[in-house]
Amino acid sequence: MIPAPLARLLGHTRGRLLAGALVLTALTGVAPHLAVTGQRVEALVVIDITGSMNTRDERLDGKPASRLDKAKAVLRGLAASLPCGSRLGLGLFAERRTFLLFEPIETCADFAALDGALANLDWRMGWEGDSRVAAGLFRAIGLAGDLGSDLVFVTDGHEAPPLPARGGPAFEGKPGAVRGLIVGAGGHTPSPIPRYDDRGREIGFYGAEDVPHENRFGPPPPDADKREGYNPRNAPFGAAAAPGQEHLSSVRETYLRGLAAETGLAYAPLDAPGGLAGPLTAAATPRTRPVRLDLRPVLGGTALAALLVLFGLLPWHVRLRETVSRLGHGA
Amino acid sequence: MTAGLMALVSRFGVTAPAWLWLLPLALMPLVASSQKRIPVPSLAMVPADGLSRLVDAVLTLAGMAAIGFLILALAGPHLVGESLMRTGEGAQISLLIDRSGSMNETFAGRQPSGPEESKAAASRRILEGFVGRRAHDLVAVSAFSTSPMAVLPMTDRHDAVRAAIRAIDRPGLEATNVARGLGLALAQFGPGAPQASRVLLLVSDGAAIIDRRVQPTLREEFAKIRPTLYWLFLRTAGSPGLGDRPAGEDTPQAAPERHLDLFFKSLGVPYRAFEAESAQAVEEAIREIDRQERKPISYTERRPQRDLTGFAYGLAALAMALLLAAKLAETDLAVRASASRPAASRETRRAA
């Protein structure tokens, strides 16, 4: 049995609107959240800090920038755009090794520390000049697997020294056991690599004669006997130094895509529109985190709509109807 | 009082300011009422009375408040968090950690096997505890081997610091280039808070020659920043200690540890070296540092921002409850002809 005033109240549109708005508003205080699960990402970011990453063939805010600077900017953007609860760790790649700086930390609560650490990355942290990308990648995959996280490996794919004729090292892990992204840095046209002296000052670029263009470890390539001065015992690689483009660098996208396919990772270019958050979320292991979905805007918005109908629409509607009926009576 | 109010107003903010464009809609109750319209043949029938006007004004205001506070609540009002300067016990600590390959060996100079702990694993465990015990410290982490590596900038987020400390027993690199590492660890202090107590804690298991050309620069930096320098020297059993003179010539090449110690002593900053030959000794040394570095430090505590959304919804609900009460008191002229009560007259007045 509903009390009479209440029944009377709910009998009218105005009463229903007002009571509805009040109930909705009161609900914002009682049940403001809905518990749902959202996606989060946990990844170890390993960044290539070898010499070729200093090549200035990327663009940052319309200005030319080195691949490393671009990578730092993109990774800082990634840290800022991942949902809270995501975790990122940081490691360096040079030579053939991966050096862990810190294990994954929270991207929101520890953002200042993470952002500062990314900003402080420098090629001068490197310990050796070699850049054996495939070996470094495999070690990074092992490290990420150890930490139980996914991997983001940022590199230009420039192997230095070049891979021997029989190809690079083989991946011995289980493809797809560690998920994640290989991120290709650099432009598609070969560009000169800056050169630094032993005090870290830039002294020009690498020339063709400064770098080896062929790896002469292991057996020679099958077509070596057609080279000039070839001698099976004394000059198995031919007599002349191999010509090449190893002093110039561009992103080795085909090579990196091949490595990605071999290891079960996904590939994304560094300058992917919209940043790396999308590709990483798509490639990463789905991890759930509890999210509290705020219901208050929905409840409050509906209550506001009810009040606007009550104060705005209904009076004018009633007035219009009355005018129409008055005109009708007058006729 | 006014200053306090101004401070409060300056801290007020909204998350979604676009909603505030709807605020003019709160004026709608001025031209229309939520109450029922009752046709009255003539306004002259209704006597003018003050109470009706008051009730009318209150209801109009309640309508405006209901719409206004709902819009405000949707915009997400809050008070921005304050930064409070507080005083506690702590220091700015710049950790400089040796990540050379020998750190992955035990104190006996072997590869760890079974329950044995490598020097890196022992320092990891003990440093993690150290950071955990000291709530108000700012900590920066740097590592060095062949080259210095800035791991984490000065931060109060201790779980980030612990994540960096947990990385130190991962395989290290070859060489020990302590000079550049020291330069980086000094740079980590940054320009801020010169009155804070500054601590440079070097954890290494060996030393290297500091180039004579670099020495003046390092001296200058130490003199400028004036940190308290602690060297936690993880000595491998049987290797020379800091005080042992080498049998032959006493040169930095022959006894790098001893000469690094001498260099530190000559810097003119408070300096103490701890020689640890076991995990227990490391533990004791760290406890000693913990005791020493308990000086008052002023630090900023950030208060989280206070959400006022619930408050705004509450006010909107209150206004609506008032409107609803008026609605419940509504009377039909046609049903109850005895419209003598003032409460009944207000609707008629409003309707007119």
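Predicted model: local features only at pLDDT ≥ 70, side-chain atom pairs only at ≥ 80, totals over all residues.
Tutor: Residues are numbered from 1 along each chain as its sequence is written, and chains are lettered from A in the order in which they are written. Local features need pLDDT of at least 70 and side-chain atom pairs 80 or more, while totals for chains, interfaces and linings use all residues.

Student: What makes a span count as helix?

Tutor: Helices are DSSP runs of H or I with at least four residues, and strands are runs of E with at least two, numbered from the N terminus. Chain B comes to 10 helices and 11 strands.

Student: How do you know which residues of chain A are in contact with chain B?

Tutor: Two residues are in contact if their C-beta atoms, placed from the backbone, lie within 7 Å. By that test, 43 residues of chain A are in contact with 44 residues of chain B. H8(A) gives the most to that side of chain A, with 13 residues.

Student: What makes a residue buried, and how many are buried in chain B?

Tutor: Buried needs 20 or more other C-beta atoms within 10 Å of its own; exposed means 12 or fewer, and partly exposed lies in between, with C-beta atoms placed from the backbone. Buried residues make up 38% of the 352 residues in chain B.
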